[in-house]
Amino acid sequence: MAAYQNLSEEELSVLLQNGDKQAFTEIYDRFFKVLFLHAVKRLRDEDEARDLVQELFSLLWLKRESIIIKTNLSNYLYTSIRNGVFNFIAKQKV
């Protein structure tokens, strides 16, 4: 698994799209905490933030073959979690 820690985001993205489970695990390990902290900062609810980040990673794995990442992986994940937070807040207001 140490070899995956040395891979770039672009390399991990390619491996993910090819169904590499270890690449997905490395992405999860690299980004879960920072995405979780960002969601908690916005939502002020750890349980909802954790659910939101888990949902993002679930969708990332399920749609791995069809996802097109135009920037880099970290930007894609950050934007996805930000949009998830906005959608959650919008639903709460309704």
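Q: If buried means under 20% relative accessible area, exposed over 50% and partly exposed in between (1.4 Å probe, protein chains only), what is the relative accessible area of S13?
A: This is a predicted model, in which local features need pLDDT of at least 70 and side-chain atom pairs count only at pLDDT 80 or more, while totals for chains, interfaces and linings use all residues. Residues are numbered from 1 along each chain as its sequence is written, and side-chain values use heavy atoms, with hydrogens and water left out. S13 is found in helix α2, where helices (H or I, at least four residues) and strands (E, at least two) are DSSP runs, numbered from the N terminus. S13 is buried, because its relative accessible area is 10%.

Q: Which residues does S13 touch, not counting residues up to four places away in sequence?
A: Contact here means heavy atoms within 4.5 Å. With residues up to four places away in sequence left out, S13 touches I69 and L73.

Q: How far does helix α4 reach from its first C-alpha to its last?
A: The expected span of a helix is 1.5 Å times one less than its number of residues. Helix α4 covers residues 46–62, which makes 17 residues, and its reach is close to the expected 24 Å, since from the first C-alpha to the last it is 24 Å.

Q: Within what arc do the buried residues of α4 fall, seen down its axis?
A: The buried residues of α4 are A49, L52, V53, L56, F57 and L60. They line one face of the helix, because, with the arc taken over the directions from the helix axis to the C-beta atoms, they fall within 130 degrees.

Q: Which helices do the buried residues of α4 pack against?
A: The face of α4 turned away from its buried side carries the exposed residues D47 and L62. The buried residues of α4, by contrast, pack against α2 (9–17), α3 (21–43) and α5 (73–93).

Q: At which residue does α3 bend?
A: The bend at a residue is the angle between axes fitted to the seven residues ending there and the seven starting there. In α3 this angle is about 45 degrees, and the residue is F31.

Q: How many degrees lie between the planes of the aromatic pair F32 and F36?
A: Rings of Phe, Tyr and Trp (its six-membered ring) pair if their centres lie within 6.5 Å, and planes under 30 degrees apart count as stacked, over 60 as edge-to-face and the rest as tilted; by this rule the count comes to 5 aromatic pairs. F32 and F36 form a stacked pair, 5.9 Å centre to centre, with an angle between the planes of 5 degrees.

Q: What is the relative accessible area of F88?
A: F88 lies in helix α5 and, leaving aside its neighbours within four places in sequence, is in contact with L43 and E48. F88 is partly exposed, because its relative accessible area is 22%.

Q: Which residues does H38 touch, not counting residues up to four places away in sequence?
A: H38 lies in helix α3 and is buried, because its relative accessible area is 11%. Apart from residues up to four places away in sequence, H38 touches Y78, I81 and R82.
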